[in-house]
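Here is a short report for a first look. Please keep the structure in view while reading.

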Amino acid sequence: VMSKVLLCDGHNLAFRAFYGIRELNRSDGFPTNMIHGWLRTLWRLEDDMQPDELCVFFDKGGSPRREQILPDYKANRGAPPEGFTEQLEWVKKLTEALGYFSFDMTGLEADDLIASAVRQKEDPAVKLIIVSADKDLAQLVAPNTSQLLPPPTANPRLGWRTLNEEGVKDKFGVPPSGILDYLSIIGDQSDNIPGLTGVGPKTAVKWLLEYENLEGVIENAGRLNPKRFCSVVYENRELLMMNRELIRLEGEVEFEIPKPKRVNLMQLKEILLKMEMNKSWEEAQKRYAE
């Protein structure tokens, strides 16, 4: 039997939890909306995916490597919304109380840690599932690695969707091995990485299918269609290579992933009652009854 390991993008899921439920506070005014949403998300993943192991990775301290290449990297993000940061600590405690691995490392983003976890865990007997809406994680999809996309905030009816290699190709027009070059050409708005002005996904896909990879596209700049892009690609070849360096994930980070633990009911009770989440505590007792 294959074991199933979920690798979750903590900030991606935390923001979704934060915006999924709005006004919820403890009686003293401390916000609890994200903590509620987070518990629901993890319980949903437990029920739907029945994982043998679940790890959550968080960003910490930006990405000096990327900020050095592009000082404006993620400059469009601004400060997190009010109530987010103070709840994040509780989200991490809650994750650990449920028996899951919560991890961050200064100067690295969750995506880099996920890429490294995929490398560490790759094994024909293990099914890896990356849980995130982040496009750049599609480059990690492989025969035993898929990406589980949460329902889009704008269209929750779509529900959770799984992308395997075929799914990545259907969604983006290129296989996982082409995602890095594809995003290098069109850019990534969410990270403030500018693509080539005027070049959309369809054109990028057409070039990559024709010339195989980014180097091929640059080498053949003079042959590209539409013709107006010949000089654009040639003049921006350094930007394209820089984008690729920004979007590339650090898959070589070393850290210990401990064996899965059992739920710690004492800890869970303490957190949930402190947050005045009494209903959730009743539900937890039923859920984890021996």
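## Strand pairing

Strand E4 (residues 126-131) pairs with E5 in the parallel sense, over four bridges. Strands are DSSP runs of E, at least two residues long, and helices are runs of H or I, at least four; both are numbered from the N terminus. Two strands pair if DSSP finds at least two bridges between them. Val131 stands opposite Leu148 in E5.

E5 also pairs with strand E6 (residues 161-163), in the antiparallel sense and over three bridges. There, Leu163 of E6 is the bridge partner of Gln147.

## Basis of the model

This is a predicted model: local features need pLDDT of at least 70, side-chain atom pairs count only at pLDDT 80 or more, and totals for chains, interfaces and linings use all residues. Residues are numbered from 1 along each chain as its sequence is written, and side-chain values use heavy atoms, with hydrogens and water left out.

## An enclosed strand

Five of the five residues of strand E5 (residues 145-149) are buried, so E5 is largely enclosed by the rest of the structure. Buried means under 20% relative accessible area, exposed over 50%, and partly exposed in between (1.4 Å probe, protein chains only).

Thr145, Gln147 and Leu149 point one way from E5. Ser146 and Leu148 point the other way. In a regular strand the side chains alternate between the two faces of the sheet.

## A covered helix

Helix H5 (residues 110-121) is mostly covered, with ten of its twelve residues buried. Among them are Leu113, Ile114 and Val118. What covers the buried residues of H5 includes E4, E5 and helix H3 (64-69).

Technical notes:
Contact means heavy atoms within 4.5 Å.
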